[in-house]
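Subject: Structure handover

Hello,

The structure we talked about is below, with its sequence. Please open it first and then read the notes that follow.

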Amino acid sequence: MKDQRLLLSVRDLRVQFSGRKSGAFGKPVPIHVVNGVSFDVYEGETLGLVGESGCGKTTLGRALIRLGHSFVTGKIEFEGQEITTIGNREFRSLRKLIQMIFQDPFGSLNPRLTVGQMLEEVLLVHGIARGISARKRIEELLDVVGLNRDYYNRYPHEFSGGQRQRIGIARALAVNPKFIICDEPVSALDVSIQSQIINLLKDLQHDLQLTYLFIAHDLSVVEYISDRVAVMYLGKIVEIADSAELYANPKHPYTKALLSAIPNPEPGAKKERILLNGDLPGPLEIPAGCGFHPRCPAAMPECSCKEPNLKKLENTDRHQVSCLLYE
């Protein structure tokens with residue numbers, strides 16, 4: 001990545017919600033959802049973010065654009081500017097550069113507004129266009145995402161899931177962003193439609209010089225679209241590497257278990273499946289030491305008391321892993 005410009009830098013990001021212990025008189029307790037995450041995103045690339053449901057992927061993505069009422073600490077820099085400490089008024093101008101595509105293509109659209117009204121609202125709020133120029137811009141956006149211009153006056157309930165997601169993509173593109181957070185954008189769609197949306201995102205990235213953080217749990221989709229992949233477990237990144245390297249040579253036991261669950265497309269081919277014991281612990285039950293050690297098939301005694309750090313592997317600066325096996 002030495003020849004690419006650093007677009008986003010995240011250091012020791014922590015996201016905390018306020019919760020309560022069970023019972024009628026349960027006391028407020030902090031719920032740590034993202035625990036000290038650090039990573040970089042380079043201009044023009046797609047960084048895939050994978051992990052089990054509940055590991056903190058979506059919370060991480062929302063924290064980058066200040067969605068939600070969580071308490072966030074750490075350092076986030078976008079194009080060299082620290083954005084964790086700036087006020088809401090200053091951050092508003094950055095929203096044109098950082099956009100998000102949501103998982104639910106229906107729930108993220110206003111059912112009371114037509115497609116034209118929704119997209120025009122975005123253009124008006126950010127002072128980009130109004131009137132005839134706004135209508136022209138919206139029609140251009142519909143063309144870009146593969147929708148008919150006649151859809152301008154239709155409501156969300158009149159569209160299929162794939163068409164709704166295309167509207168969501170058009171809304172994200174309306175403000176000419178540089179960085180788009182894709183929060184499981186195809187998980188709610190039929191398999192045949194998923195490939196269309198993924199290919200659309202790849203084409204848009206090439207044509208508009210976009211950068212993506214692609215959040216998903218479908219490892220096959222992530223492999224296809226991502227340049228690099230980060231694996232997340234219990235609010236931490238446990239491994240990050242180039243996509244081809246990670247899929248061919250995974251290091252962390254959790255990554256190996258995830259990849260072993262991908263179906264083999266070859267008829268009759270056998271594949272060893274790594275089964276993990278138990279379920280992902282809740283945010284109030286994070287184990288001491290390495291958070292993965294209660295489920296890890298390679299756990300050692302020290303894993304229960306010593307927390308590993310994300311470190312570069314020997315002879316490479318592009319593959320990092322957080323595991324005591326490599327320290």
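The model is predicted. Its mean pLDDT is 91, and 95% of the residues reach 70 or more. Confidence is lowest in helix H2, residues 88-94, where the mean is 85. Confidence is highest in strand S8, residues 211-215, at 98.

Overall form

The protein has nine helices and 12 strands. With a radius of gyration of 21 Å, against the 20 Å that the globule rule gives for 327 residues, the protein is as compact as a globular protein of that length. Along the principal axes, the C-alpha atoms fill a box of roughly 70 × 55 × 45 Å. Of the 327 residues, 48% count as buried. The accessible surface comes to about 16700 Å², and carbon and sulfur atoms account for 48% of that surface. Among contacts with a separation of 6 or more, 64% join residues 24 or more positions apart.

The nonpolar cores

Which residues have the most contacts inside the largest nonpolar core? They are Ile169, Leu173, Leu201, Phe214 and Tyr247, in a core of 59 residues. Leu173 shows what such a position looks like. Leaving out residues up to four places away in sequence, Leu173 touches Arg137, Leu141, Val144, Val145, Ile180, Leu204, Leu208 and Leu210. Another core lies apart from the largest one and has 34 residues, among them Leu7, Ile31, Ile86 and Leu94.

Ile86 sits in the loop between strand S5 (81-82) and H2, and is buried, with a relative accessible area of 11%. Not counting residues up to four places away in sequence, the residues that Ile86 touches are Arg66, Gln81, Phe91 and Leu94. Val37 is 49 residues from Ile86 in sequence, and their C-alpha atoms are 20 Å apart in space.

Helix H9

Why is helix H9 described as largely enclosed by the rest of the structure? Seven of its eight residues (253-260) are buried, so the rest of the structure largely encloses H9. The buried residues are Pro253, Tyr254, Thr255, Ala257, Leu258, Leu259 and Ser260.

Two residues with positive phi

Arg66 has a phi near 60 degrees, a positive value in a residue other than glycine. Arg66 is in the loop between helix H1 (57-64) and strand S4 (71-78). Its relative accessibility is 25%, so Arg66 counts as partly exposed. Arg66 is also one of the residues that Ile86 touches.

Gln209 is not a glycine either, and its phi is positive, at about 55 degrees. Gln209 lies in the loop between helix H6 (191-208) and S8. With 57% relative accessibility, Gln209 counts as exposed.

Cysteines

How many disulfides does the structure hold? The count is zero. Cys290 is in no disulfide, and the nearest cysteine sulfur, in Cys303, is 5.8 Å away. Cys290 counts as buried, because its relative accessibility is 13%. For Cys305, the closest cysteine sulfur is again in Cys303, at 8.4 Å, which is too far for a bond. Cys305 is exposed, with a relative accessible area of 63%.

Ser93 belongs to helix H2, the helix with the lowest confidence. At 45% relative accessibility, Ser93 counts as partly exposed. His126 is 33 residues from Ser93 along the chain, and their C-alpha atoms are separated by 8.0 Å.

Regards

Notes
Residues are numbered from 1 along each chain as its sequence is written. This is a predicted model: local features need pLDDT of at least 70, side-chain atom pairs count only at pLDDT 80 or more; totals for chains, interfaces and linings use all residues. Side-chain values use heavy atoms; hydrogens and water are left out. A nonpolar core is a set of buried Ala, Val, Leu, Ile, Met, Phe, Trp, Tyr and Cys residues joined through side-chain atoms within 4.5 Å. Buried means under 20% relative accessible area, exposed over 50%, partly exposed in between (1.4 Å probe, protein chains only). Contact means heavy atoms within 4.5 Å. Helices (H or I, at least four residues) and strands (E, at least two) are DSSP runs, numbered from the N terminus. pLDDT is the predictor's confidence in each residue, from 0 to 100. The radius of gyration is taken over C-alpha atoms; the globule rule is 2.2 Å times the number of residues to the power 0.38. Accessible areas come from the Shrake-Rupley method with a 1.4 Å probe; for residues, only the protein chains shown count as cover. A disulfide is a pair of cysteine sulfur atoms within 2.5 Å.
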